[in-house]
Amino acid sequence: MNRETKKRIALVTAAVLLLAAGGYAAWRNGILKQIVSQINSVEALRELIGAAGPWAVVVYFLLQMMTVIIAPIPSNVTMMAGALALGFWPAMIVGVSAVIAGSVVVFLAARRLGRKAVMRLVDRGVMEKYLPVIEEKQDMFLFLTLLFPFFPDDALCILAGLTSIPLKRFVIIMALTRPWGLVFAALLGSGAFTMPAWAWAVLTLALAAVFAVMMKYSAQIENRLFEFVKRISRKR
C-alpha cells in the first residue's frame, strides 16, 4: 500500500469518525430529531444554528456537509438558514467549503469501498446511465452536469470516485461548479439581494410554475440535458 493510498484512507476514516461523533452528539441532545422533523424549514434551521452560540459555525458546517452525504437535506435551505444566522460572507465561505468537503468525502469513500458498496448507495438506474459516460468523458462531462439543474449532483460525486479522475482535479471541478446556486441562496437568506414586494410576487409565481413543470417533466428534461451535455463534452 503506497503513501498516497494510506493518506486517502486516513482522510476517509477521519471524516467518517467525525460525522459519527457529530451524529451521536446530535442524537444524544435531541438535535437530530429536531433536524429531521423540521428539515425543510429555513427558520427552524436558523434557530438551530443560532442556538449553538460559539459553536454555530461548526454546527452549520456539519449541517451543510450532511446535505451531500445525506441527500434528503436540501443544501439551499441550509444555506439560507446559515445566511440568516451568520450573515452572507460567513455562510457562503463555510457553506461552500462544507459542500465541497462533503463531495470529497463521498468521492474518496466510493474510491475506497468500491463498486459493490456504491451499488447499495446509488440507484441502479442512475449508476448504469451515468457511470459509463463519466468514465469515458470524465472531467468535461462531470463539469457540465454539475453546472446544470436536474442532474443528481451528489450521486455524480459518488460515481466519480469509481473513475480514474485524480482527487485534485475533482476538487477543482467541485470548486468551479458547486458554489453558484449556494451563493444565490446565501444572498436571499442574508437579505443582501432585495427586491420590491411586487417583484417577489412575480418571482414566487414564476418559481411555482417552474417547479410544477419540473415535477411533471423532470425525467424528460433530464434526458434531453443528458444528451446535450454528452454532445458538448464529445466536441471538446
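Colleague: Is Phe107 buried or exposed, and what is its relative accessible area?

Modeller: In this predicted model, Phe107 is buried, with a relative accessible area of 0%. The general idea is that, in soluble globular proteins, nonpolar side chains tend to be buried together. Across the whole protein of 236 residues, buried residues make up 39%.

Colleague: Before we continue, how much confidence does the predictor attach to the model, and which elements have the lowest and highest mean pLDDT?

Modeller: The mean pLDDT of the protein is 77, and 68% of the residues reach 70 or more. By element, helix α2 (residues 31-37) has the lowest mean, 54, whereas helix α11 (residues 167-177) has the highest, 92.

Colleague: How many helices and strands does the protein have?

Modeller: The secondary structure comprises 13 helices and zero strands. As for how parts of the chain meet, consider contacts between residues at least 6 apart in sequence: 75% of them join residues at least 24 apart.

Colleague: Which aromatic pair does Phe107 form, and how are the rings arranged?

Modeller: One reads such a pair from two values, the distance between ring centres and the angle between planes; planes under 30 degrees apart count as stacked and those over 60 as edge-to-face. A search of the whole structure finds three aromatic pairs. One of them is edge-to-face, because the rings of Phe88 and Trp89 have their planes at 70°, with centres 5.1 Å apart. Phe88 is buried at 15% relative accessible area, whereas Trp89 counts as exposed at 54%. Phe107 and Phe170, by contrast, form a stacked pair, with 4.1 Å from centre to centre and 15° between the planes. Phe107 belongs to helix α6 and Phe170 to helix α11, so this pair ties together parts that are 63 residues apart in sequence. Phe170 is also buried, with a relative accessible area of 0%.

Colleague: Which residues have the most contacts inside the largest nonpolar core?

Modeller: That core has 57 residues, and those with the most contacts inside it are Met79, Val118, Val122, Tyr130, Leu142, Leu159 and Phe170. Helix α6 (residues 88-113) supplies the largest share of the core, twelve residues. Leu142 illustrates the packing: beyond its neighbours within four places in sequence, it is in contact with Leu156, Ala160, Ile165, Phe170 and Ile173.

Colleague: Is Asp154 buried or exposed, and with which side chain does it make a polar contact?

Modeller: Asp154, located in helix α10 (residues 153-160), counts as buried at 17% relative accessibility, because the cut-off is under 20%. Its side chain makes a polar contact with the side chain of Arg178, at 3.1 Å. Apart from neighbours within four places in sequence, Asp154 is in contact with Thr67, Val68 and Arg178. The C-alpha atoms of Asp154 and Ile69 are separated by 7.6 Å, although these residues are 85 apart along the chain.

Methods. Residues are numbered from 1 along each chain as its sequence is written. This is a predicted model: local features need pLDDT of at least 70, side-chain atom pairs count only at pLDDT 80 or more; totals for chains, interfaces and linings use all residues. Side-chain values use heavy atoms; hydrogens and water are left out. A nonpolar core is a set of buried Ala, Val, Leu, Ile, Met, Phe, Trp, Tyr and Cys residues joined through side-chain atoms within 4.5 Å. Buried means under 20% relative accessible area, exposed over 50%, partly exposed in between (1.4 Å probe, protein chains only). Helices (H or I, at least four residues) and strands (E, at least two) are DSSP runs, numbered from the N terminus. Contact means heavy atoms within 4.5 Å. pLDDT is the predictor's confidence in each residue, from 0 to 100. Rings of Phe, Tyr and Trp (its six-membered ring) pair if their centres lie within 6.5 Å; planes under 30 degrees apart count as stacked, over 60 as edge-to-face and the rest as tilted. A polar contact is a pair of N or O atoms within 3.5 Å; within protein, one must be able to donate a hydrogen and the other to accept it, and residues adjacent in sequence count only if both atoms are side-chain atoms.
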